[in-house]
Number of protein chains: 2
Amino acid sequence: MNFLDIGEVSMRSGVKPSALRYYEELGLIQSAGRSGLRRQYESGVLLRLAFINLAKSGGFSLDEIKGMFSTDGQLQIPRGRVQERVAQIDAQIEELSALRDMLSHIAVCPAPSHLQCPAFRQLLKDAVLQKKTESNS
Amino acid sequence: MNFLDIGEVSMRSGVKPSALRYYEELGLIQSAGRSGLRRQYESGVLLRLAFINLAKSGGFSLDEIKGMFSTDGQLQIPRGRVQERVAQIDAQIEELSALRDMLSHIAVCPAPSHLQCPAFRQLLKDAVLQKKTESNS
DNA sequence: CTACAACTTCAAGTCAACTTGAGGTCAATA
DNA sequence: TATTGACCTCAAGTTGACTTGAAGTTGTAG
């Protein structure tokens, strides 16, 4: 059966072999077995790594990501945690949107000092308020 | 005039004194002067810190954030870089949206293994494709 | 069958972003 | 005047996420 060795997985996932071994050590992924000393991976690990990469770039720590998988290796976020995670991501999106609007504003605003520009300050305040609202909810 | 000392700035910005000193060392903020040994901050530093916090949570490194201010301390991203930054943020938002959709899907999908669920895999693939498209553009 | 590229382990190193601790200064209050 | 609390500096420590290096093993192409 077509098992993949670590170099193959690395190439296809964009995760270096050293990082793959590190993930295994953390229990984030595992290999199907060994051929001699060499790790053999099922192709499913690629999906798992795609998800891990996405979550990582979404600002989740490896530990948090690990918590999104159940002990039997399934992607399974504890009921009730899902809403929490989704809200967390939405908040992140709001902040990023605010940041983008601010940067866009800089490009067109002639004010000498953006941090003093009323429009800019409004964007910044909105973002901060947004953040507070989220953390109190 | 109402200068703020480091404890006040810390409280109002949510950034610890040790971090404020570290930011100063990096040239990310500066104090207006000293009263004896004590740093005295202008209230404008609070806006600056609000922006820094936002950018930080948007995944920018302190070094990148530093690059968003001109040498005279103004928030001023080099012309041409703005679009780059905005695109970078939009990409990030896309990824986060995908991640959110996946997590939401998990909450409602009865499939035993989400990584095998066709709908889920489609979301994951879209996200990965999205990412590739961005990095090639 | 031998060479070699690709793997292995394990310990130590790196980098960013801070934090902590030791030892010192200073203004105000008891 | 003595004490307190908030500040100070500087060096070293911490955490997360890996990477690097040394020293050894193995599957396969020539």
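A residue counts as near a strand if one of its heavy atoms lies within 4 Å of it. The views below come from a predicted model.

**View 1. Protein residues around DNA strand C.** Around DNA strand C there are 18 residues. Those that come nearest are A:Arg21, A:Leu37, A:Arg38, A:Arg39 and B:Ser18.

**View 2. Polar side-chain atoms at DNA strand C.** A:Arg38 faces a base: one of its polar side-chain atoms lies 2.8 Å from a base nitrogen of DNA strand C. Chain B turns up at phosphate oxygens of DNA strand C. A polar side-chain atom of B:Ser18 is 2.5 Å from one phosphate oxygen. For B:Tyr23, an N or O atom of the side chain is 3.0 Å from a phosphate oxygen.

**View 3. Elements that build the surface near DNA strand C.** Chain A supplies α1 (6–13) and β3 (38–41), and chain B supplies α2 (17–26); each gives two or more residues. The most comes from α2(B), with four residues. By type, the surface holds seven nonpolar, three polar and eight charged residues.

**View 4. The interface between the copies.** Of the interface residues of chain A, 100% are also interface residues in chain B, so the copies meet through the same surface.

Methods:
Residues are numbered from 1 along each chain as its sequence is written. Chains are lettered from A and ligands numbered from 1 in the order in which they are written. This is a predicted model: local features need pLDDT of at least 70, side-chain atom pairs count only at pLDDT 80 or more; totals for chains, interfaces and linings use all residues. Side-chain values use heavy atoms; hydrogens and water are left out. Contact means heavy atoms within 4.5 Å. A polar contact is a pair of N or O atoms within 3.5 Å; within protein, one must be able to donate a hydrogen and the other to accept it, and residues adjacent in sequence count only if both atoms are side-chain atoms. Ala, Val, Leu, Ile, Met, Phe, Trp, Tyr, Cys and Pro count as nonpolar, Asp, Glu, Lys and Arg as charged, and the others, Gly among them, as polar.
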